[in-house]
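Visitor: Could you walk me through how helices pack against each other here? I'd like a close look at who touches whom.

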Amino acid sequence: MTKALREPLLTSESSETLDPQDWDDIRAQGHRMLDDMIDYVANIRERPVWQPIPDDVRERFRGKLPHQPSDLGKVYREFTDFIVPYTTGNVHPGFMGWVHGGGTAVGMLAEMLAAGLNANLGGRDHIPIDVERQIVEWTRQMFDFPSGASGIFVTGTSMANLMAVLVARTSALGRFVRQRGVGDDGARLTAYTSAAAHGCIARAMDIAGLGSDALRCIEFDRSHRIDVAALRARIAQDRKAGRKPFLVVGSAGTVDIGAIDDLRALSALCREEQLWFHVDGAYGALGILSPGLAPRLAGIESADSIALDFHKWGQVPYDAGFLLVRNGEQHREAFVAPASYLRRETRGLAAGSPWPCDLGPDLSRGFRALKTWFTLKTYGVEKLGAVIARTCALALYLEARILAEPRLELLAPVQLNIVCFRYRAADANKVNGDIVIDIQESGIAAPSTTMLDGQLAIRAAIVNHRTDTCDLDALLAAVIRFGTARTGIDPAFRTLPNGRKRRKLLPTA
Ligand SMILES: Cc1ncc(COP(=O)(O)O)c(C=O)c1O
């Protein structure tokens, strides 16, 4: 390009930079935002947990691509008026749906600091990478893994489970599988988990190219723990049929009812059968921080890999998924991919190999470690463990209240922090599905649903550190109120021929 062609493109720096003309303006705006968000978290109880999104609000987010600038204050007002009121609601103590963490003000501030640094944690030699390594080391210590273990932040446990399947696959078939593909051997690879495991395990097998049919979903017992004898038998049967068993995924906290597999028995079986033992500990693995719960996770320390989310029971804001691998070399072998533009050095900014990009599919990565570092340092793991234990105590409180209420029926044993129950009614599945939607739309609470043995359960997963007994009382009062309104009758009462009402349970559907 000639000089004449280049010159007209070069405008003065001050007119093209995205930095503000007046830093005091943005400082004032930033302070307002910070105050508002602190107020939002501090006064969250004053808001509905969730509310339906009006059509005109949704329409606002189908606008045209903005070509011209807008005033930051005006954009912020759109945020406060049309985004803040219509979020999922998981910051609210009345949120009990699915498995959502509540976050903390500390985590929120750390997110702002991380955005200010705008660090790229794919690699290179900078201290944010050491912060992530510090979390890897702390997590290694939590689970008593050996010093050669490695770990990495990812979006969530779905991704961590997928990566674990890939590490296990490479370990089973050898590193050349990465160039040659899985081939005939790969087509025989077979994995095992319980029928109560999270659906992302089957998706991981699918995405990894091994096929979800190659995942055997083994039956579970009354408490939703995998039947280890049935698992052993299925492995033997598959070997006999020429399959190549390579992986067992145990659950530390199943998504439906919070069951923890017998991890010790699974670990022993995997050692015997020479299979990769992975634990899906999405939310349950951090139970290790509670001295009361930790013994129930016995055997997790022998896993080959663990997937977990700091954004669930760890209360770190989204997202903060994590994969821990016992043998760091095997972990690296599954993902490392040298490239000339990522050349490593022993000095300078390109030092510090291995880099996080050698341990997963992402090259550019954000500083998820910072909000986790702030959370672990500010609260300490004893306090976080106490918060986790308290959510389980609250689940027992909810269970006791349900058992004492004839209009309600418990549908599964409470093992951790998840309670599944329903309102007794003739058309119970329909009625309870409607009750859950009614409660969500009322803004009082936000439970979700699941199916247990063909029965639709109202499912309350107590994850948020803000949840208290008053939130559980409000949930139950709402279930009874909407249940009565939906059925037109109160199932605890039956009208006697003389017109008086007598306490009597209706048969359940
Ligand atoms: C047991 C279990 N595994 C995996 C997942 C998926 O985790 P994520 O949503 O972080 O991808 C969940 C989510 O709730 C879960 O409960």
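Guide: Start with L394, Y397, L398, R401 and I402 in α15, which meet T469, L472, D473, L475 and L476 in α17 (contact means heavy atoms within 4.5 Å; helices are DSSP runs of H or I, at least four residues, numbered from the N terminus). This is a predicted model, so to speak of local features takes pLDDT of at least 70, and side-chain atom pairs count only at pLDDT 80 or more, while totals for chains, interfaces and linings use all residues. Residues are numbered from 1 along each chain as its sequence is written, and side-chain values use heavy atoms, with hydrogens and water left out.

Sort that α15–α17 contact by class and you get 7 nonpolar, 1 polar and 2 charged residues (Ala, Val, Leu, Ile, Met, Phe, Trp, Tyr, Cys and Pro are nonpolar; Asp, Glu, Lys and Arg charged; the others, Gly among them, polar). Helix α15 spans residues 368–403 and α17 residues 469–487; their axes come within 10 Å and cross at roughly 35° (axes are fitted to C-alpha atoms over the stretch in contact, with angles from 0 to 180 degrees between N-to-C directions). α15 passes α17 in a right-handed crossing (near helix turned clockwise from the far one by less than a right angle).

Now hop over to α12 (residues 228–240) and α13 (residues 263–273), which pack at about 20° with axes 11 Å apart. They are therefore roughly parallel (under 35 degrees; over 145 is roughly antiparallel, 65 to 115 roughly perpendicular, the rest oblique). α12 also passes α13 in a right-handed crossing. On the α12 side the contact uses V228, L231, R232, I235 and R239, facing A265, L266, L269, E272 and E273 of α13. By class, that's 6 nonpolar, no polar and 4 charged residues.

Methods: Helix = DSSP H or I, 4+ residues; strand = E, 2+ residues; numbered from the N terminus.
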